Amino acid sequence: MSDFRRRHLLAVLAGVSVLGMGSGGALAAPSKRRPKSMAKPTPAVPMAKPKLIFLDPGHGGRDPGALGGRGTQEKTVVLAIARDLQRELLAGNRYRVLLSRNTDSYVPLRERVARAQAARADLFLSLHADAHGDHDVRGASVYTLSEEATDREAAALAARENRAGAVISGMRLSEQPDNVAQTLVAMSQRGTVNDSRRLADTVVATFARNGVRLLPRTHRQAGFAVLTSPEIPAALVELGYLSNPQDEKLLTVRQHQMALARALRASVDAYFGTGATRKA
Ligand SMILES: [Zn+2]
């Protein structure tokens with residue numbers, strides 16, 4: 001076993017126990033021993049309650065998000081990939097899936113968080129595509145919540161994503177996360193901070209394994225309003241740069257969209273420790 005695989009396996013194993021503590025005992029108990037008189041065979045694998053995955057395609061409606069040189073809109077690309085990922089996740093009958101939006105409509109950031117919380121989601125994945133002044137910059141990156149941004153670019157990105165909703169007429173600046181510090185305290189008490197980091201690292205590792213081009217220092221942190229559910233491990237994935245011509249083209253190609261969805265599904269599998277035999 002290579003060092004990478006061992007570390008990955010350990011991370012997955014460690015995560016299972018952390019998850020059990022963080023999810024309020026919602027993990028299904030192993031099946032109890034069955035009385036001998038019952039001849040009915042038990043299923044080979046005990047059926048756990050399907051995890052609820054909350055997918056959040058960014059932007060929508062009057063908020064197009066980032067724009068590519070050929071006119072590609074972030075809101076369209078991320079919705080297509082979120083739908084692909086929904087299909088991927090549902091195909092194995094092991095997950096339930098909710099989308100923050102399933103149409104080209106705008107949902108305020110706080111409402112996205114509130115919906116995931118109301119549904120008691122087990123995982124929150126926000127899908128985005130970025131833009132950069134330097135058109136050579138390309139590759140995917142993954143973000144988790146932090147009060148202090150890891151670097152200026154991450155801080156600027158979080159400010160952009162948080163502001164996106166506020167530019168829409170009638171929206172107030174209330175989208176700004178004023179409660180990141182508070183949320184982080186609640187998250188660390190519940191183990192959600194560690195779970196979110198593990199989720200982000202799992203996405204990065206799975207992307208790398210599946211040949212998805214990555215931004216250097218792929219896992220970064222900043223104060224994203226949409227990642228502020230205290231109970232739900234959450235990450236925001238920037239799937240590439242629409243400002244880069246190659247990334248823009250790839251993000252509109254159906255084959256590539258589906259490949260990204262498969263890699264994200266494999267990440268979710270790996271996060272829950274259920275993907276050992278499934279490849280993306
Ligand atoms: Zn975005």
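Just after helix α3, Arg120 takes a positive phi of about 55°; helices (H or I, at least four residues) and strands (E, at least two) are DSSP runs numbered from the N terminus. The model is predicted: local features need pLDDT of at least 70, side-chain atom pairs count only at pLDDT 80 or more, and totals for chains, interfaces and linings use all residues. Residues are numbered from 1 along each chain as its sequence is written. The chain comes to 8 helices and 6 strands, and its elements run α-β-α-β-α-β-β-α-α-α-β-β-α-α from the N terminus on.

**Burial and contacts**

- Of the 280 residues of the chain, 45% count as buried. A residue is buried if 20 or more other C-beta atoms lie within 10 Å of its own, exposed if 12 or fewer, and partly exposed in between, with C-beta atoms placed from the backbone.
- Residues 24 or more positions apart account for 79% of the contacts with a separation of 6 or more; two residues are in contact if their C-beta atoms, placed from the backbone, lie within 7 Å.

**The sheet**

- An open sheet of 6 strands has the order β2-β1-β3-β6-β4-β5, with mixed pairing; two strands pair if DSSP finds at least two bridges between them.
- β2 (95–99) and β5 are the edge strands, each pairing on one side only.
- Neighbouring strands of this sheet are turned by 20° against each other on average, direction ignored. Axes are lines fitted to C-alpha atoms, for helices over the stretch in contact, and angles run from 0 to 180 degrees between N-to-C directions.
- Helix α7 (residues 245–252) packs on the sheet, where it touches β3 and β6 (234–241), and its direction makes about 115° with that of β6.
- Strand β1 (residues 51–57) pairs with β2 in the parallel sense over 5 bridges, and Leu55 stands opposite Leu99 in β2.
- β1 and β3 also run parallel and are joined by 5 bridges; the bridge partner of Phe54 in β3 is Phe124.
- β3 and β6 run parallel too, joined by 6 bridges, with Ser126 opposite Leu236 in β6.

**Strand β3**

- β3 is mostly covered, as 8 of its 8 residues are buried.
- In a regular strand the side chains alternate between the two faces of the sheet.
- In β3, Leu123, Leu125, Leu127 and Ala129 point one way, while Phe124, Ser126, His128 and Asp130 point the other way, and all are buried.

**Nonpolar core**

- The largest nonpolar core has 62 residues, of which Ile53, Ile81, Leu123, Leu125, Phe224, Ala235 and Val237 touch the most other members. Such a core is a set of buried Ala, Val, Leu, Ile, Met, Phe, Trp, Tyr and Cys residues joined through C-beta atoms within 7 Å.
- Helix α8 (residues 254–271) gives the most to this core, with 8 residues.
- Not counting residues up to four places away in sequence, Ile53 touches Leu89, Tyr95, Val97, Ala121, Asp122, Leu123, Leu125 and Val268.

- The buried residues of α3 (residues 109–118) are Leu109, Arg112, Val113 and Ala116. They cover an arc of only 95° around the axis and therefore lie on the same side of α3; the arc is that of the directions from the helix axis to the C-beta atoms.
- These buried residues of α3 pack against β1, β3 and α4.
- Helix α4 has 13 residues and reaches 18 Å from its first C-alpha to its last, close to the 18 Å expected at 1.5 Å a residue. The expected span is 1.5 Å times one less than the number of residues.
- In α4 the buried residues are Ala154, Leu157, Ala158, Glu161 and Ala164. Their arc around the axis is only 125°, so they are on the same side of α4.
- What covers the buried residues of α4 includes β3 (123–130), β4 (140–145) and β5 (214–222).
- Arg160 is found in α4 (residues 152–164) and counts as partly exposed because it has 14 C-beta neighbours inside 10 Å. Arg160 and Gly65 are 95 residues apart in sequence and 9.3 Å apart in space, C-alpha to C-alpha.

**Other residues with positive phi**

- Asn93 has a positive phi of about 60° although it is not a glycine. Asn93 lies in the loop between α2 (74–91) and β2, and it is exposed, with 9 other C-beta atoms within 10 Å.
- Arg217, found in strand β5, has a phi near 45°, a positive value in a residue other than glycine. Arg217 is exposed, with 12 other C-beta atoms within 10 Å.
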